[in-house]
Every structure is written in C-alpha cells, then in structure tokens.
Amino acid sequence: MSIETPTPESHPGGDPRYKLVDRALKRFQYRQDALIEVLHLSQETFGYLGEALLTYVARALKLPPSHVYGVATFYHFFTLKPKGEHNCIVCMGTACYVKRAGEVVEALEGEFGVKAGHTTEDGKLSVSIARCLGNCSLAPLLVVDGEVLGHETPESTLAKVRAAVGKEQAE
Amino acid sequence: MPVVTLTINDELVSALDGELLLKVIREQGVKLPTLCHLDGLSERGGCRLCMVEVEGIHRLQSACTTAAREGMVVRTHTDRLVSYRKMILELLFAERNHVCAVCVMNRHCELQDVAAKAGVDHVRYDYLATGLPMDTSHERFGLDQNRCILCGRCQRVCDEVEGAHTWDVMGRGAGSRVITDLNHPWGESRSCTSCGKCVQVCPTGALFNKGVTVSEMEKEPEFLTRILEGREKKQWSR
Amino acid sequence: MRVADLKTMAEQESAALAVFRARLLVCYSAPCLAAGADAVREALEKEVAGRGLAADVQLVSTGCLGPCSRGPMVTVSQPGQADAVYEKVTPETAVAILDHHASQGPPADGFRMSPENPFLTRQMRVALANCGLIDPERIEDYIARGGYGGLAHALHELDPSEVCFEIKHSGLRGRGGGGYPTGLKWNLVRKAPGAKKYVVANGDEGDPGAYMDRTLMESDPHRVLEGMAIAGYAVGAEQGFIYVRGEYPVAAQRLDKAIKAAERLGLLGSRVLESNFNFRIDIRIGAGAFVCGEETALMASIMGLRGQPVPRPPYPAQKGLWGCPTLINNVETFGNVPDIVSKGSDWYAASGTPKCRGTKVFALCGQVENTGLVEVPMGMTLREIVYDLGGGIPGGRAFKAVQTGGPSGGCIPASHLDTPVDYEGLQQLGSIMGSGGFIVMDDRSCMVDVARFFMEFCLDESCGKCVPCRAGTVQMHRILTRITQGKAGPDDLEKLEALCEMVRDSSLCGLGQAAPNPVLSTLRWFRDEYEAHIHEKRCPAGVCRLTPSEGGER
C-alpha cells in the first residue's frame, strides 16, 4: 500500500496539526467511544478527514480502519474531501421548503454549475443542503461563510454568494 | 433457566425462558425465512423476513431478536406476513442487480431460494440498476457490490469469528456499501487474513471464489456452526 | 455550596437587580440577530454610557423570547411593573424606549407589543419560563429565578422513589414525541438492577421545523442540567450525557459554559450541594444523522458507533449505554422537571388535559403571521394556536393544513382545526405530536409535493440497516415523484399504499415505522389531490410541473 500510515509517535512530515488531534485524543483518554468527538476535532483542524488522518485516528484509538471509515461516512457532518474556499449552506427544512427554498438551490446550481453537496471545479465554492437549521422564522434561510441570512429569494442569494466568492471582480 | 409455554400458530410449545423465538419456531418444523440471520453469528434483525405477529404487541417482531416468554401467542404465516415478506424480497431484487441467470450462485443462492419459496414470480418495483463496481483485486476472492443485500454477515463473521474486522459498511441508507479497510481494494487490505469465511457465509453471489462461472459457486455457511460447536466439544474432524 | 448558600445567592442576586431603575433585555438569538439586534444593543450601550446611566439601567443579552418574526425584541423589566415587550426595534426606537423607561420620556407605544396580544397572554411558560428573560451565560441569573431549588429540594427533602412518584403524579409525558409517561420510565430505570446507570438528554432535534430544544439549550441551559441532575438522583445515576445536534454549535458552547459554572459552585460534580450525590454531565455532539433521535441509535452514537438502531426490547431502561440501565428523555422533558419538583406535582397536573398534563412548546412556522416559539397548555385547539397565537394566514389566504410531527407526522386539514392538541388527539387524525414542529400551510402548498418532500428526507436519513426502510423509502419516493411529475399510472396509488403499510409495520425502528405517515395522512385527507395529479395531470395548488406521460411510461 502506498499511503503513508502515521503512528501516534511520529507525525508524517512533522505536521503540527497532528498535535491538536493528539490533544483531543488525550483529553478523551484514547477511549474508543470518543471516536466521533475525535473526528469532529480532527475535521475542525484539517478541514476534512483525509485518508492519512483516518488511519492515524484508527491506530491511536486501536480501532479497525473499516470501522472508522464506516463511522466517518455514516454522518453527514464529516467530509472526506476538501471543501471549497467558500461555502453556502441552504436550509431545506420544512418551513424553508414551503417557502420555496428549492428555487434558491436551483438558482445556485444553475449559476455556479455545481450540484448541491459538491464543490465547484475551481475549488471556490461548496454548496450544501441542511436538514433544518432550527431558525424557521427566518425561512428561507442560508448560511454563507458562517453568516446566517434570512428571508432569501433566488436573486438575493445569488447576489450574496457572488459577492462572497468575488465573482464579479473576476469577470 | 425456567421453562415457559407459548403458543405458535395455535399449537402449545415449550421453550426456555429468553430463548430466541426463531429457534423455537424452527424447532417446531415451521419454515421461517431469514437472510441476515446465521447460526453462529450475533443477531442483526435487519432483513425483517422472520417477522412474526405477537398478540398484545402492536408492532411486528423479528423472531431472530425476540425472546420467548411465558404465555406468548405467536403467528408466523398470516396473510399480512406472507404478503409483506414477498414485498421485502421484491424490494431486494429491485434494489441492485440480481440477474440469476448470469450469476455464479444461480441455484445455490439463499436469496433466490427464499424468494422462490415465498412465491416471488415478478417484481412490482422499479429496478434501480445501480451499476456498482466489482472488486477483483484479491487473489482468491471477488466482490460484486451489485449482488450485495447488506445482510452484514461478512462483517460479523470477520469481526466475531475470525477477529480481523476487515469488513464494515460505509455510508448509509440506500448508499450503504460493504468495504474493506479504508474503502481500499480488497487485495490491498492489510487486515484481511484471506481466510474466506466471509465468502462462505455470504448468502448471494456478492462474494465468490475467483475462477468460477455461472452456477458454479457453492457455499457452505454451515461450516460456521461446525467449527464453533466443534471447538466447544473438541470435535476436530467431521 | 450548601442549600442555605443557594438561597443567599438568590436573595443577593435579586437585591442587586432591584437596584436598577430599568433592565433592558435584548433578545440575542439568531432570528433577532439576523434582524439587527446587534445594532440595537450597540445603540443602547452608547446611549447608556453617554447619559451616565450605567448605575440605573442594566443591559442584558438574553436567549430567545419567542416571537421570532417580530424581532429584534427588547423587553423592559422595571420593579413593580409588568414587563413591557417591544418588537421590530431599530437603534432609533431603542433610544426612545430607553428615554421612556429611564428618563421619563414619552411612551414608545408604537413599537410595544400590546400586553393583551394573545401571543403573550395565551401562553403558559414552564420549560420556557426563563427564555428571553435571563442571560443564559450567567448561572446567577438562573439561581435568582429559583434555579437549582428543585435539585436542592429533591436532594434534601425527598428520597429517589419520592422524586419518581412526584414526576409520575405530575402526569408529565415524553416531550420528544412518544408521550411515554416520564415518571414510569424513571421508576423503571431506578428499579433496574445495575451498579452503573446513565442519564441521557436527547437534544438531537432533527425534525425540520422544530427548534424548541435548541432554544431551551441556548437560552436556559441550566434548566436542562438541573432536570438531568434531578433525574440522576432519582434513578441512581452518576453520569449524564447531553447529546446536542451538530447543527447547534451555540447550544453546545452555552451548555459547556453552564456545566463548568455549575461544577464550580458545587451544583454538579461530586457531593452536589454537600449531599452524597455525585453527578457529572458530558456533552456529545451529533454529526448529522436524523436517525440518532431514535434512542437506540442515539446510544450507538454516544458510544462512537454508526448511529444504527437495534431492535427493542431490551429497552434502554434495562440495557442501554454499555449494557447499563439508561434513562433517555428529551431536552424539553427535562426542562419541565425542576419546576415540577420545586412547585409540586399538583401544581403541574392542574394544567392541561386529564390524559396530558402540563404544557407543550410548539414551533409555529410556515404560512402564519406570527412565527416563533409558543408554550401552551395541552388541550388548546389547533385553531387557537393558528389564529389566536399565530395571528392567522398572511395575505388573507386560505388555511389548508397544519403539519405536525415532522417527517414522522402528518398533515391535518381545516375540518379538524377544533381538535384539542394532545398526544391521542393528534394520533387519531393520523399525525403525531412529535417534538412540536407546527408548520402551517396555505392553499399554495401541494400535499403530494409535501409528502414527496418528507419521503426524500426519510430516504436520505434512513440508516440502511433494515430492508423495508432502506429500499421501501426509495420506491415510495419514486412513486411520489412520478405522481408530482404527472407520469404516474393508475395502479401507482395502490402500490404506494401497500408499500406504506408494509414499511410502517415491518421497519426496525421508529424512523422507518413513521416514514409513511406523511403519505398516509395526506392520502387520508387530501386524496383528491393525488387523484387530480394522476388522472387529470393537474396540480390543484399549482406547485408541481406536470408533464403528461407518453403512452405506457411507468
């Protein structure tokens, strides 16, 4: 197998981010039931759960790699691929849906040529769908780079996402 | 362990308290289909084929995970159960590509056998034609995801009996798939011992020996009880 | 900390607050923030500092008050006067409000919510009693309002069986949707043999359209912790877990802060309130799986596994986390516990209906004038909630249905608006109480499309373990999609109904068993809409884009 498999003792390439993962592992005393917590922290640190990272976590917690992979792919929060530079989450909860959030998604998909759940080819923008963000009075709702925006229309959404990715400048 | 008396299909039956209903029912000679259950492995309750009606319990119970209790009144083949089993089998056939005529397991397949006995002669649902990949990287065995019914036997035998835990399931819902290690090709797996137990317990043609052609693959899932019981009784030869 | 110290602290806090001529409570929850609550607070801060009012006027950032569509909200609390609630506050009106309450300026009544507004008067706030009125990050605020008094009472006046009895006698039932009597569950866990037991608060609020648990955890986190601690004492557990949905980072932060504050004061941790009771609470963050709201899946997730349910029995009360007896209650259920213990079960049982005591929080949203969170006594009719509290449908449009219970619930038509809300009442109409999502739909919503929406949700959230749910939801979704596209054949409806029944009866867990509910309930009340799509290739609500089928297309 060609992939380098790091061990808790030696970090590959001395990547300092593994120190943060180590800290999480220690805080949870290497308990196997803390796998999800450790994955959360690992993803926070690295932005995504790459193969080397998953191997590292599996070894540290003494868990079978397939088990770790199974858990990481079961939960929608975890991503095994790098995310885009900017991200736009469209809430598709019931309240947003009855207020036509579907049209917002269609507009985004059309404009940026990316399917919801994916990242544009240039790695600039990830569009994803959330199953209710629990702010139903703001429906339809989106989160652009961490900022919550309420009462959106397809037009207002496009304007805000264009501004976020700086598309207008590029044109 | 105290003994209990229960009623199965209007017949009084005795059993040990807490014994699994599936075992009690089968001991009575009642044929109850199963796919995820296999003697020797932990129970999963996922295929739902062994569902039975228990009086006083609103929901249907999977016999493989339900304990026998005093006074239970159980029915195994009501019209509702029979039609539900058929529907579940049809759903399985529609879910991935189960074309028996070109399958290595044709005539030896548990899914095919159970379906034939349940009287499945056509499928009412849309064939989803998933077109999933094959993995033939292992030197002796092959995996065809298109024939997998996600019964979890390979995963359980690998974890519980062989102790390698090479297999697991990734994703969820209809997107679930069996994987080896970090979803690497089977042949590159570091944990796999190539013992072949997973192939033997797989009920369909999803796991097979390389080199077999249509209808040639035969499996012997009973080996499991033989080795497990043999281990206990120190019975080393057949 | 001893019980006496708790009382002293509460008195000191109340005295310290009484000094202020006015306390301005600025709602700092997401909807109000999105509407500009930040600017409001900034303007007030500047003004208070500029006028040298810091000793007379206190500014507090609170959690959610409830009327979310009217934000930013500011509540003014003055000694000896009823609270004044202001809506849609701008930085300018904020100054006018300050003028009136702190400097004898003219009333700012134009922005004041009428004290007679049913949204305020018709509520009975128990779980939400402090929401919007305290600073969720200050444990002192909670203690000043009687917080941790229930725990003190339980630990020093009652034995565990008496606590269970109180809860049973109050008539409290599971607020997560099941409606199982809470006191019975507690007693089961208390009696279950086992040296180690666990208490779990289910805050994996996955139903789209419901956000009462988020609000409670964000706006009054200590109430949940106190409820859990009382439960721990009652059932004999020393360890609690609170499982917070991954989408709610603020709730997790606030809870984390709250746990640390409570530990510092000896209200959690070892020797709670100098008794022999130890109780520790850890937070577990969900990672995005609706099925984890199901209790066996939730436990799997806490143990670091794929969130897949296992067949019950054994129930968690017998065999839960790591094989030990485990009490699992919803966050809102725990939110009711402190008051039941401190004010007595008779007080709680006096509200609600004979079968369903107490109150329930609903998240009013969709096509209704006032969206937001309301807590009302059980037994209030749907009509009262939609029209009195909710203020009716915007734009004078016609009410069509209210969807309760999320993807496990159903749609209730106008003809049943006078049904009193309780577990059994909603069940008889083919819906469920669920966690309290309450989505109002007007004549522009297509019921088939709504059913398809929920089915898509379920197929996406199915864990994949059992065949009926994993493969059945996919096929039901395909049929529903065909219907909304005008491509369905005459036998599709029958096929759909048969699948619904099978999936409902044979799925392994609650998610699968309830997945057909939105279809079954819309079929029951709005069958004509399905038929219009299939036979007339027409969507009565004008939502679906139908393309007539060509020949024998399936």
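Colleague: Let's begin with chain C: how far apart do the C-alpha centres of domain 2 and domain 3 of chain C lie?
Modeller: Happy to start there, and do keep in mind that this is a predicted model. In the domain assignment of chain C, domain 2 covers 146–349 and domain 3 covers 359–438. Taken over C-alpha atoms, the centres of domain 2 of chain C and domain 3 of chain C are apart by 27 Å.

Colleague: And how many residues of domain 2 of chain C are in contact with domain 3 of chain C, and of which classes are they?
Modeller: Domain 2 of chain C brings 15 residues to this contact, and domain 3 of chain C brings 15 residues as well. By class, the side of domain 2 of chain C that touches domain 3 of chain C has four nonpolar, six polar and five charged residues.

Colleague: Turning to chain B, which classes make up the side of domain 1 that touches domain 2?
Modeller: Chain B is divided into domain 1 (3–77) and domain 2 (93–221), with 27 Å between their C-alpha centres. Their contact takes 10 residues from domain 1 of chain B and 15 residues from domain 2 of chain B. On the domain 1 side, the residues divide into seven nonpolar, two polar and one charged.

Colleague: Which element supplies the largest share of the side of chain B that touches chain A?
Modeller: That contact takes 16 residues from chain B and 12 residues from chain A. On the chain B side, β8 (167–170) and β9 (177–180) each supply at least two residues. The largest share, four residues, comes from β8(B).

Colleague: Against which element do the buried residues of α3(B) pack?
Modeller: Helix α3 of chain B spans residues 110–118, and its buried residues are Glu110(B), Leu111(B), Gln112(B), Val114(B) and Ala115(B). An α-helix has 3.6 residues a turn, so residues three or four places apart point the same way. Glu110(B) and Val114(B) are among the buried ones, as are Leu111(B) and Ala115(B). The buried residues of α3(B) pack against α2 (79–95) of chain B.

Colleague: Is Asp181(B) buried or exposed?
Modeller: Asp181(B) sits in the loop between β9 and α5 (197–201) of chain B, and its phi is positive, about 50°, although it is not a glycine. Most residues other than glycine have a negative phi. Around Asp181(B), 25 other C-beta atoms lie within 10 Å. With 20 or more as the cut-off, Asp181(B) is buried.

Colleague: How many other C-beta atoms lie within 10 Å of Lys537(C)?
Modeller: Lys537(C) is found in the segment after α23 (527–535) of chain C. Its phi is positive as well, about 50°, although Lys537(C) is not a glycine. Lys537(C) is partly exposed, because the number of other C-beta atoms within 10 Å is 16.

Colleague: In which loop of chain C is Pro72(C) found?
Modeller: Most peptide bonds are trans. The bond from Gly71(C) to Pro72(C) is cis, with omega near -5°. Pro72(C) is in the loop between β2 (57–62) and β3 (74–77) of chain C.

Colleague: One last one: what is omega for the bond that joins Arg312(C) and Pro313(C)?
Modeller: Pro313(C) lies in the loop between α13 (295–302) and β8 (326–330) of chain C. A cis peptide bond joins Arg312(C) and Pro313(C), and its omega is about -5°.

Definitions and conventions
Residues are numbered from 1 along each chain as its sequence is written. Chains are lettered from A and ligands numbered from 1 in the order in which they are written. This is a predicted model: local features need pLDDT of at least 70, side-chain atom pairs count only at pLDDT 80 or more; totals for chains, interfaces and linings use all residues. Two residues are in contact if their C-beta atoms, placed from the backbone, lie within 7 Å. A residue is buried if 20 or more other C-beta atoms lie within 10 Å of its own, exposed if 12 or fewer, and partly exposed in between; C-beta atoms are placed from the backbone. Domain bounds come from an automatic or database domain assignment. Ala, Val, Leu, Ile, Met, Phe, Trp, Tyr, Cys and Pro count as nonpolar, Asp, Glu, Lys and Arg as charged, and the others, Gly among them, as polar.
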